[in-house]
Amino acid sequence: MDVIYRYDPFAPLEQPKTPDAATAIRRLTEGNERFAEMVRRMQERTLGGDAGEPIVIPVSPITLGLPLYEGAIPTQAPYAVVVGCSDARVPTEAIFDQSFNNLFVLRIAGNVLGAEGLGSIHYAVANLGDSLKAIVVLGHSKCGAVTASVDAYLSPEGYIDIAATHALRSIVNQIQIAVRSSAQALEAAAGCPIHKLGDYRSLLVAVSVYVNAAVSAYALQREIERPDGTGPRVYFGIYDFETVRVRCRPAGHDEFVPSGMRPAPASSQELASYATEVAHAFLNLDDDDRDRNCKLTMKW
Ligand SMILES: [Zn+2]
């Protein structure tokens, strides 16, 4: 299987126009689907499948945001801000199949936002507004920062070591809101003391990853909103290692959920109902299936 970057100086490429937030999110979603399809083909090939047609990626200095000639400096023109986690397994441009100059990227453990991160976003909104159409908070499954927050929630005695370091404590504390909301949502969705179940820790991490991205998006939307209610829209999504897709809800049994992102919750009630939706999805519950004395079917 060949992946070919092809440069033709006589066929310059135009960047797709991104007039609004919906187009920005569509470009990211389509890029993630291209990435997922490439990974799927590689996996097939690994298992002995046919190499198939080569994947040809046309490139040009202009589309890549590189100098067209020595000394030329490209103008910065990203169409989206992405706030992702520092996790080395989730390189932002690669999973969205984007090139240079498309994304303004912040990566902080647990995709939480402190003063410097927020300042960077304010800078982008104020100075890159001509091209910038959307902001995305990107969480990911199996997040170490979220896992540390879940551990601090479940075993407060282990939190002492983290609490001694101001910077680490700041990350873990910011994620606590999502962890506590997720724990409440799971308990309510299960209708029983689910925290006594065997692999509750993994379940709580899985739900908290989704809720944490939604919490960050909610907080960020409020932070950057102008007094007149205008400003870029904030969205969120979660990169799932199993499917290599960015989505905003987990898939049920044998269910295919395509790539996609959602607007940040508009209120604390919307945030709570999102936590409930994710908890239900992970527990594989339907509405009239509550009273089962904790005999739950989990998806792992
Ligand atoms: Zn992470």
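Tutor: Helices here are DSSP runs of H or I with at least four residues, numbered from the N terminus. The model is predicted: local features need pLDDT of at least 70, side-chain atom pairs count only at pLDDT 80 or more, and totals for chains, interfaces and linings use all residues. Residues are numbered from 1 along each chain as its sequence is written, and side-chain values use heavy atoms, with hydrogens and water left out.

Student: How far does helix 7 reach from its first C-alpha to its last?

Tutor: Helix 7 covers residues 200–224, which is 25 residues. The expected span is 1.5 Å times one less than the number of residues. That gives an expected 36 Å, and the reach is close to it, at 36 Å.

Student: Is Tyr-210 buried or exposed?

Tutor: Tyr-210 sits in helix 7. Buried means under 20% relative accessible area, exposed over 50%, partly exposed in between (1.4 Å probe, protein chains only). Tyr-210 has a relative accessible area of 5%, so Tyr-210 is buried.

Student: Which residues are the protein donors of the zinc ion?

Tutor: Donors are N, O and S atoms within 2.8 Å of the metal (3.2 Å for Na, K and Ca); water is not among the atoms, so sites may look incomplete. The spacing in sequence is C-x54-H-x2-C. The protein donors lie 2.0 to 2.3 Å from the zinc ion: Cys-85 (SG), His-140 (NE2) and Cys-143 (SG).

Terms used: Helix = DSSP H or I, 4+ residues; strand = E, 2+ residues; numbered from the N terminus.
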